[in-house]
Amino acid sequence: MKLELTKEENEMLEGKQGKATRKAMEIITTLGEIYGAEKLIPVSSVQIAGVSYHNLGEAGLEFLSEMAEDGRTRVLTTLNPAGMDMEEWKKHGISEDFALDQQRVVDTFEKMGVITTCTCTPYLIGNLPHYGEHIAWAESSAVCFSNSVIGALTNREGGPSALASALTGRTAEYGLHLPENRIAEVKYEIDTDLTETDDFGLLGHVIGGRTGRMIPYITGIRHATMEQLKSFSASVATYGGVAMFHIEGITPNRTTIPERTEVITREDLNKARATLDDEMAIIDFISVGCPHASIKEIAEIAQMLDGKQVTEGKTVWITTAKPTKDLAIKMGYYDKIERAGAFLVADACCAVAPLEGRFTGLMTDSAKACFYARGKNKFKTEIRTVAECIKEALS
Ligand code: F3S
């Protein structure tokens with residue numbers, strides 16, 4: 001089946017709308033051909049990943065700079081976390097050299113018209129698509145959240161393909177843009193109460209591990225907050241590559257219900273916890289806010305830290321989006337957190353900041369953060385509730 005292009009799309013491909021647009025269209029049409037798409041479709045929102053200079057390096061920045069010569073975004077486009085808080089990086093121990101390079105990356109995106117607040121929860125700060133809207137998002141946790149909880153439609157884009165969609169306003173119609181590919185394939189019955197974000201992360205670990213890339217249909221969860229669903233989205237995408245799920249009575253997409261059912265018990269979650277808890281971990285780093293913390297989470301943490309003091313030798317990062325940090329400043333939460341000796345870090349997270357060698361053990365409520373702390377930074381890990389993380393910071 002040949003990929004049909006409109007007159008405007010052909011013009012983009014022929015370079016009539018500039019060099020960067022041509023390159024972007026080449027990326028999109030190549031992907032379309034590989035995946036058997038018949039046409040391109042407009043997207044209304046883009047989320048770009050691969051922003052930290054730590055991951056991008058000079059080669060990545062060179063590609064971006066070329067695209068920024070004449071490439072400009074055509075739709076609302078936001079950025080994933082960078083390697084540092086773009087304003088308060090110095091007090092978080094980030095080097096001047098890294099800060100300069102990171103600033104160059106963000107400036108390059110800004111030149112293209114990308115909104116340069118750096119967060120993996122763009123849906124909390126104004127990049128919020130509606131049900132049924134076609135979008136092109138990178139960042140696996142946000143992809144999973146938007147497909148499943150919001151009901152928007154996106155494939156799991158990479159950094160270059162998301163940028164290509166931003167510069168053309170198009171994506172190829174394949175995969176999760178087609179309703180027939182959004183049907184549940186395996187059913188899980190949850191036979192235990194899930195209470196905190198760490199529980200939802202552990203559930204994502206179990207389901208991701210069992211289901212791989214298949215779409216799960218989950219029953220037995222009576223209630224879940226937005227914060228718990230973002231934790232689950234991050235974890236199930238990390239441990240299994242899942243880009244979409246259904247939770248009975250909670251998520252909005254329609255699907256047929258698979259017959260084959262597997263039961264998940266508290267024992268399964270305990271086993272998942274055991275695999276994320278390293279023996280003899282010496283905790284010197286506590287990080288909450290993966291995915292980026294909501295204002296509700298920050299308010300609760302500020303309350304827990306109010307009037308207390310983080311123990312010497314421990315570093316605490318609460319990571320969030322810049323607009324959420326600004327709101328936390330206005331509400332006095334920032335002062336309570338920082339007076340206690342913890343940091344409210346905007347724009348960055350413990351996985352993409354250059355932290356290797358600075359700490360030995362991470363405690364977090366996020367199963368995804370455990371994955372990257374181990375794999376990238378060689379930290380030992382422990383997963384606990386947010387309250388337990390804060391208690392550890394103060395003990
Ligand atoms: Fe977001 Fe970083 Fe976690 S990008 S999902 S806070 S690893």
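Which residues are around the ligand? I took this up at the start, working throughout from a predicted model. I listed P81, C120, E139, S141, G289, C290, P291, C349, A351 and K368 as the residues around the ligand.

I then sorted this shell by class, and I noted six nonpolar, two polar and two charged residues around the ligand. When I looked up which element contributes the largest share of the shell, I found strand β11, residues 285–293, which supplies three residues. I also checked the space that the ligand takes, and I recorded that this space is the largest pocket.

My next entry concerns strand β7, which spans residues 186–190.

I followed the pairing of β7 on to strand β8, residues 216–219, and I noted that the two run parallel and are joined by four bridges. Within this pairing I marked V186 as standing opposite P216 in β8.

How many bridges join β7 to strand β10? I counted four, with β10 covering residues 261–264 and running parallel to β7. For Y188 of this pairing, I recorded E262 as the bridge partner in β10.

Key:
Residues numbered from 1 in each chain as written. Predicted model: local features only at pLDDT ≥ 70, side-chain atom pairs only at ≥ 80, totals over all residues. Heavy atoms only, no water. Buried < 20%, exposed > 50% of the residue type's maximum accessible area, 1.4 Å probe, protein only. Pairing = 2+ DSSP bridges. Near = heavy atom within 4 Å. 1 Å grid on protein atoms, 1.4 Å probe; cavity = no way out; pocket = protein on both sides within 12 Å on 5 of 7 lines; lining within 4 Å. Sits in = over half its atoms within 2 Å of the grid points. Nonpolar A, V, L, I, M, F, W, Y, C, P; charged D, E, K, R; others polar.
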